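These are my notebook entries on a structure that I am opening for the first time. I look up one topic after another and write down what I find.

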Amino acid sequence: MRIHDQKCNKLLSIINLKTHFLTHSIQQMLIICLFLIGSFSSVSSQEYFQQEVNYKINVSLDDKRNGLNAFETIEYINNSPDTLQFIYFHLWPNGYMNNNTELAKQLFSSKGKEKLFNDPELNGYIDSLDFKIDGRPIQWNLLPGQPDICQLWLTKSLRFGDTIIITTPFHVKIPKGVTSRLGHIGESYQISQWYPKPAVYDKNGWHQMSYQDQGEFYSEFGSFDVSITLPDNYIVGSTGNLQNEKEAEMLNKLACDTSWIATLPSPEVDFPPSSNELKTLRYTENNIHDFAWFADKRFHVLKGKVKLPDSGREVTSWVMFTNQQAEIWKDAISYVNNAIMHFSKWNGEYPYQGFTAVQSALNAGDGMEYPGITVIGMAKDAYTLDEVITHEIGHSWYYSALGSDERRYPFMDEGITSSNEVRYMNERYPQKRLWEVYLNNKKLARFFHIDKMPVRQMLEFEWMAQARENLEQPINLTSEDYTTLNYSLIIYDKAGTGFKYLRSYLGDSIYDSAMHDYYRNWKFKHPQPEDLRNSFEASTGKDLTWFFSDFIGTTKRLDYEVVRLEDQQLLVKNKGELVSPLVISGMIGDSICFEKWVDGFDGQQWIKLPQGNYSEIKIDPRHVMPELFRLNNNIRKTGIFPKSDPVRAQLYFSLEDPEKRYLMYMPALNWTKENGLMFGVALHNGFLTPKPFEYFVMPFYSFNNSGLAGFGKVSYNITPFEKFIRKATFSLEGTQFGAPGDQNYHNLKAGLDLYLRPKNMNHLLTQKVYGKYIAASDLYQIELQQKARISSYLQFGYQLDKGTIVNPFTLLASAESGPSYLKTSMEFDYKLSYYGKKKGLDIRLFAGTMLKNNSDVPFYALAAGGRSGREQYLYEGTYPDRFSAFPSSFWSRQMTMTEGGLVSPVNETLGCSRWLVSLSLTSSLPGKMNKIPIKPFVNLLLNDHGLATGKGSPFFYEAGLKAGLWNFFEIYFPLVVSGNIESVSGSLKDRIRLVFNLNTFSQVKLNSGFGIQIQ
Ligand SMILES: [Zn+2]
């Protein structure tokens, strides 16, 4: 599969402290070790074996009812030393059966698709099964909770070498092809994972698994003989070799008629009526483990051939596509041929007789591989199409011929395939720039100084951002262990980069011959990671522990640092954990004079350099090593600061070249009542890729009070390796703006945020503990226009976030002490998603109490309603008119949703209390009205105030509507309120409040594949 359109998810998870189980764990580990020793010895004593499964399927397409009616005959040969009593079968169309299947759960958690298979159109299944073995009926059952797997009970034991014939009729209801990879869009059919198929039985036992579209394949090799009956005017692209001469002639004729290219047709999408005549097409192939076919009445067809480099054998190539993408597919035969040619050179000969690339409305990834055929979704241009077709052809080796377990070890096919893809694209488009693919605007590219950045840089950015956040996972995990984002970053990008690193270290010829050996040794078999490693080490004669154990099996980081240069010797320090080879180059400007590979080392090492007239030494100038930091990679032979890096001033921001330091700046304009109009500049060192040291300062010149105002924050991040704490951030921030009476208020914060390491990355749970010391001008005195003293505050908190697309939540427990008070609170924000990710019910629960309050200042107590600027004693939020009294001006209605969460302005008269509990509910509008930016809300609150003062009931309620966008700017209308609120707030117009929250825009993140995304 090739994936492109990943969205940035927040990944993280809970850590479970198990220190008190330590003794127990050690005991357990001993037991496990003993067990492993036992089981390894039994495994290693086993010879490699694989089962053989030969299929004969007759299937007819019913395009009126979107169904398949079929009969399947399977010859199953037990080559294992074990005697089998049952066989697991995959019935994967049942993955679309209801919303309890593994596929539904996966789509729900990764994409927020909720309605799914309850929709009759999206629903799919396989039925009418009647399994027989050697002609006799047998017992079989679906697995509980996994209706896409069944268990066939054999009537007699199947011993080593025995063969049985399994038959069954079956019917498939084809779902609408918008959720995964089996489906139809109108009368365009994508028929994959469609027939009953035995699960793999190997040395580790049975591998029965439900269908999921992340890490899909592991199947037995065998032969296929498939006959497809369908209306005569369908054009079919299929796995296998077509056996019908008449159909072959028709396709040849179609391929010869390329007159349509001259007058490229408009992208019509109508389907011609299906012919009443039927045809039956027969396809056969050996040594494959899967069979897919694609049928459309509108396909254009092109045919080509490619002569393989070693044997001269000819492979026939086909492409099939509709008018929709004709313009960019017209040269696609050359993409297929070139890729087959190159990959055959690098990996060994293409294993089959033909290859077909089919365009279709695929809905899971950009393209998908099947033996001898690939299906490609809508491509945006010819370059992307070439890239996707190339990737999928790469799977002819690392999936079709080398049938690894993709669910268990996805890197074995996606990682190596990605590496081949990138190598091919670099050779074919050496001049391709990143902006051409992601920005498509040269002027903008120049403006951002990325016009020379090679396209490969995006891969580096993608995994680097995650790696620097200390959110990596090892490469050798199962596909289910990764979030959608990390699956793309780790399995495609990092693993792909890793194999390029290995190739660069070994040299192309040694690497290619090792790959040839691996392919020859394991062709049409099920290799495992140790087989890949053994094959590579045998071929190269090298110990590749650094690669296969450390790079693949851990998240050890790669970061070499140049320390100094003396007498033709370079001192290099390994700052990372990975002890792996490094390449050192002598440079004159951008050109490389020499390259020297050095084996990895711990600590520091002197490296002898060759003579030459180069002016600078650089580690890895071609970016073949997945280095985490590159600013410490270079040293010049002369100069006062030989290790300094080029500094680039950049307006606004940019994608950051990891070899340069940045000073990014942007003009800024601001206004507050007291400062008046302010001009300033924002300075920062980039925020797209995380860095150890980060700063953002925004000073302003204020025309009103002729002074300085502004905001600044510096932070330092530490990311320990495999420690309980994933990231520690020390930060210092300060604010100064004008206040009434020609004075300024000040606020200084020193904080430490500790992000804990998630135990399971896939749970998307993040935990953070934080502490802050705050020194701020006393707001009470500021409001009285007295000279304000500085008051001190301390905050501590624990935050738990579940960052899933559906039903996300945040739990925050915090305590704060200030001048003569101490308060503590809990807040729980939960989004109950309705259908999909956008609609839902926002639930906010708050409970707080003052543990101590000896202060006369009312606003230190818990506030029932949203705080106005006059009540924000820590000066939080952006308030253009922070000190105005409600409702004297438009901006005086501004508030921040905190504590009790009431909208109505009740704090001053009824609000501040010793304890309070509240519940706030905000809902999306039903149906299509959801698009209107209006939401109804209800707030309920109980506090001690009414009880204490006798001013009516301690129970408050309000209900109304809010209008606005993204929590950025919202207006609240509390239409209905309880008597105690009404008694102090008066009519509706005196209750209308607004929220203005610039923080919504403060998080800009690098989004894999699509550049920048505002979260
Ligand atoms: Zn792939």
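Entry 1: I began with Glu899, which sits in the loop between β43 and α18; helices (H or I, at least four residues) and strands (E, at least two) are DSSP runs, numbered from the N terminus. The model is a predicted one, in which local features need pLDDT of at least 70 and side-chain atom pairs count only at pLDDT 80 or more, while totals for chains, interfaces and linings use all residues. Residues are numbered from 1 along each chain as its sequence is written, and side-chain values use heavy atoms, with hydrogens and water left out. Glu899 has a positive phi of about 45 degrees although it is not a glycine, and I noted this because most residues other than glycine have a negative phi. At 11% relative accessibility Glu899 counts as buried, where buried means under 20% relative accessible area, exposed over 50%, and partly exposed in between, with a 1.4 Å probe and protein chains only.

**Entry 2: the partner of Glu899.** Which side chain meets Glu899 in a salt bridge? I found Lys823, at 3.1 Å from N to O, a salt bridge being a side-chain nitrogen of Lys or Arg within 4 Å of a carboxyl oxygen of Asp or Glu. Lys823 lies in strand β42 (residues 821-833) and Glu899 in the loop, so the pair ties together parts that are 76 residues apart in sequence. Lys823 and Glu899 are both buried.

**Entry 3: other salt bridges.** My search of the whole structure gave 44 salt bridges. One of them joins Lys768 to Asp753, with the closest N and O atoms 3.1 Å apart. Lys768 belongs to strand β39 (residues 765-777) and Asp753 to strand β38 (residues 743-756), so this pair connects parts 15 residues apart in sequence. Lys768 counts as buried at 18% relative accessibility, and Asp753 counts as buried at 11%. I also looked up Arg533 and Asp543, whose side chains meet at 3.9 Å, N to O; here Asp543 is exposed, with a relative accessible area of 56%.

Entry 4: The peptide bond from Phe886 to Pro887 is cis, with omega near -10 degrees, whereas most peptide bonds are trans. Ser884 is buried, with a relative accessible area of 9%, and a polar atom of its side chain lies 3.1 Å from the backbone oxygen of Asp881. Leaving aside neighbours within four places in sequence, I found Ser884 in contact (heavy atoms within 4.5 Å) with Arg870, Ser889, Trp891 and Ser892.

**Entry 5: another positive phi.** His623, which is not a glycine, has a positive phi of about 55 degrees. Its place is in the loop between β30 (616-619) and β31 (634-636), and His623 is buried, at 7% relative accessible area.

**Entry 6: nonpolar cores.** I then looked for nonpolar cores, meaning sets of buried Ala, Val, Leu, Ile, Met, Phe, Trp, Tyr and Cys residues joined through side-chain atoms within 4.5 Å. The largest core has 169 residues, of which Tyr76, Trp194 and Trp293 touch the most other members. Helix α13 (residues 484-506) gives this core its largest share, ten residues. Apart from it lies another core, of 33 residues, including Ala668, Tyr860, Ala861 and Leu916.

Key:
Polar contact = N/O pair within 3.5 Å; in protein donor to acceptor, adjacent residues only side chain to side chain.
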